[in-house]
Amino acid sequence: MKQSIVTILLLLAALPVAAWQYQSLSGQYRISGQTVIDPPPSEARDTHLHLELSGAAARDLYNAMKVEPQPDECAGNGALIKTVGEMQCLRSQDGKEFQCSFAIDITNQKITGASVC
């Protein structure tokens, strides 16, 4: 019994440490200009890092966003979207798929929008 209690206490003590560990992520990226669709010819094409997260990384970011989800007006398929500033995360209607999108202005180190809708 004593050994079980010690084991449980050790596991509980390790939980906060595990939460701070880096995790693998999935998604895609591209380097481009600020304008997402039909950029003007004069716009530089290497000013923003556009990120699209999926899987566990997107799910964890969606859950970390402390705002109420709203129906996704673009998809209209029952998905929910959370928006904080220029960062958007989407949860599918069944809650099994997540996707987040945002861009980083490389020069100014600022998060900007990366989706049209």
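Helices (H or I, at least four residues) and strands (E, at least two) are DSSP runs, numbered from the N terminus. The model described here is predicted, so local features need pLDDT of at least 70, side-chain atom pairs count only at pLDDT 80 or more, and totals for chains, interfaces and linings use all residues. Residues are numbered from 1 along each chain as its sequence is written, and side-chain values use heavy atoms, with hydrogens and water left out.

Strand 4 covers residues 80–84 and strand 5 covers residues 87–91. They pair in the antiparallel sense over 5 bridges. Two strands pair if DSSP finds at least two bridges between them. Val-84 has Met-87 of strand 5 as its bridge partner. The two strands form a hairpin with 2 residues between them. In its turn, Gly-85 has a positive phi of about 60°.

Strand 5 also pairs with strand 6 (residues 98–105). This pairing is antiparallel too, over 4 bridges. Gln-88 has Ser-101 of strand 6 as its bridge partner. Here the hairpin has 6 residues between the strands. Gly-95 in the turn has a positive phi of about 75°.

The structure holds 1 disulfide, defined as a pair of cysteine sulfur atoms within 2.5 Å. It joins Cys-89 to Cys-100, with an S to S distance of 2.0 Å. The pair links distant parts of the chain, 11 residues apart: Cys-89 lies in strand 5 and Cys-100 in strand 6. The link of Cys-89 and Cys-100 is right-handed, with 110° about the S-S bond. Cys-89 counts as buried because its relative accessibility is 0%. Cys-100 is likewise buried, with a relative accessible area of 0%. Buried means under 20% relative accessible area, exposed over 50%, and partly exposed in between (1.4 Å probe, protein chains only).

Asp-60 lies in helix 2 (residues 55–64). With a relative accessible area of 39%, Asp-60 is partly exposed. Asp-60 and Phe-98 are 38 residues apart in sequence. In space they are 9.0 Å apart, C-alpha to C-alpha.

Ile-31 belongs to strand 1 (residues 26–32). Its relative accessibility is 45%, so Ile-31 counts as partly exposed. Tyr-29, Ile-31 and Ile-106 make a nonpolar surface patch of about 320 Å². Like charges are joined within 9 Å, nonpolar side chains (Val, Leu, Ile, Met, Phe, Trp, Tyr) within 5 Å. Accessible areas come from the Shrake-Rupley method with a 1.4 Å probe; for residues, only the protein chains shown count as cover.

Notes
Patch = residues over 30% accessible without salt bridge, like charges linked within 9 Å, V, L, I, M, F, W, Y side chains within 5 Å. Salt bridge = Lys/Arg side-chain N within 4 Å of Asp/Glu carboxyl O.
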